[in-house]
Amino acid sequence: MSPRVRRPLLALVAAVLITLGLVRPAAAHGFTSTVYAHVTAPGDGVVRTDLKLEYDLLIVSAADAGFDNDLFRDGTDAFESGDADARAEALEAHRATVLDYVTRRFTVTPDDGACEPVRAGAFRIGREEGVPYALLTLDRACAAHGTGDVEIRSDLFPDSEGYVKGVKSIVTYDLGGRTGSAALDGGHPSFGIGQSWTQRFWEFFRLGAEHLLTGTDHILFLLALIAGSRRPREVVLAATSFTLAHSVTFLLAALGLVEVPAGLVEPVIALSIAVVAGWHLRRLRGRGAGDAEAPAVGMGRLSLDRAGWIRLGVVFCFGLVHGLGFAGALGIEAAWSWTLLWSLLVFNLGIEAVQLGVIAVLFPLLLLCGRRSPRAARWATGALSAGVAAMGLVWFVQRVVGG
């Protein structure tokens, strides 16, 4: 292989490896967790916090922090049993340990001083993104003044515990006439409800960018789109189709008009990776990436051959499902839709910025490689697509069997 071909090919491979190095090597959300919190002032000087925390993570973290081996044993047995009532009973039996862990690490502090949290109601069990979550309501007997600030801080499930990495806390609030939302993590553990719109914008923009980078399945889907695109217009149209589709379902979920179980969404996302990657492999086998296109169907520079339009439709359909996956990352519920709407749109902008960045880096390298050696380009994209398709099929089986 000549140096003129080898250099762009090596650059393409290196760029793909760097991209994959930024993402986690397993399921999309398997190595992190998300905490959901809704903070309100229902009246009588009470600040109420509704928390949702991943059940098995709460069990192991609270048991470790409180040196409560019985909580770990009982909670693990209840988790493995699959019985929601048994899980709630395990939390109830060790409520002192669990409450101590949560209240020390999630605080709501008005500017006129801290107030002691008190549990309101029993533990409940729900599901988010297909996994069990513990639901807990805490009341604080303090007023949220309309002119004052309130600091909300989350230090739940820090990286130092060693169980998960990069936990996000999605907080929505309605306090003292102020409504909004924020995304907290280890680098930004707190915020005041008086924060500027630019701060809120950056928090959710960053969260969207990080979610795409740490969502291995979404990145691999994007790589499959890039590898299977023969010309700039194809990758632009494919990316645009994907963006429009997931924006539609993302928005519908935010408005509470669409709700699909994660147990259905996650396997279809995995299958979409295999299908889009396999599409390119089939084309390579059938007529080669360098062969002439079939007659165009369309107008002007956006014209595509029949296979191109079919592929675009498939990408759009799968993009609708990916939008539900993005929405699931924020635990969107109809009751929160209008409060979260602005943040969701900014979250989507973060996703698109990373998507365009990946395309801007990889596709020019692919074009350069193809111009210097079409055979080398077919080899590189074929190998990439084969690996992506295999991973998609493995994840599909795992997510179907795992339910």
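Reply: The part in question is an open sheet of three strands in the order β3-β7-β10, with antiparallel pairing. Strands here are DSSP runs of E of at least two residues, helices are runs of H or I of at least four, and both are numbered from the N terminus; two strands pair if DSSP finds at least two bridges between them. This is a predicted model, in which local features need pLDDT of at least 70 and side-chain atom pairs count only at pLDDT 80 or more, while totals for chains, interfaces and linings use all residues. Residues are numbered from 1 along each chain as its sequence is written, and side-chain values use heavy atoms, with hydrogens and water left out.

The edges of the sheet are β3 (106-110) and β10 (190-192), each pairing on one side only. On average, neighbouring strands are turned by 15° against each other, direction ignored. Axes are lines fitted to C-alpha atoms (for helices, over the stretch in contact), and angles run from 0 to 180 degrees between N-to-C directions. β3 and β7 (residues 150-154) run antiparallel and are joined by five bridges; V108 has I152 in β7 as its bridge partner. Helix α5 (residues 95-105) lies across β3 and β7, at about 50° to β3.

Around this part, the chain holds twelve helices and twelve strands. Of its 403 residues, 50% are buried (under 20% relative accessible area with a 1.4 Å probe, protein chains only; over 50% is exposed, and in between is partly exposed).

The largest nonpolar core has 43 residues, and F221, L225, I226, V358 and I359 have the most contacts inside it. Such a core is a set of buried Ala, Val, Leu, Ile, Met, Phe, Trp, Tyr and Cys residues joined through side-chain atoms within 4.5 Å. Elements supplying at least two residues each include β6 (131-140), α7 (216-227) and α8 (232-254), while α11 gives the most, with ten residues. Leaving out residues up to four places away in sequence, F221 touches F242, S272, I273, V276, V315, F318 and H322. Another core, of 40 residues, lies apart from the largest one and has L51, L53, A78 and V164 among its members.

Rings of Phe, Tyr and Trp (its six-membered ring) pair if their centres lie within 6.5 Å, with planes under 30 degrees apart counted as stacked, over 60 as edge-to-face and the rest as tilted. That rule gives seven aromatic pairs. Y55 and F79 are stacked because their ring centres are 6.3 Å apart and their planes are at 10°. Y55 belongs to helix α2 (residues 55-65) and F79 to helix α3 (residues 69-81), so this pair ties together parts 24 residues apart in sequence. Y55 counts as buried at 0% relative accessibility, whereas F79 is partly exposed at 29%. F221 and F242 form a tilted pair, 5.0 Å centre to centre with 35° between the planes. This second pair links distant parts of the chain, with F221 in helix α7 and F242 in helix α8, 21 residues apart; both residues are buried. Ring pairs also link F201, W202 and F205 into a cluster.

Note on methods: Contact = heavy atoms within 4.5 Å.
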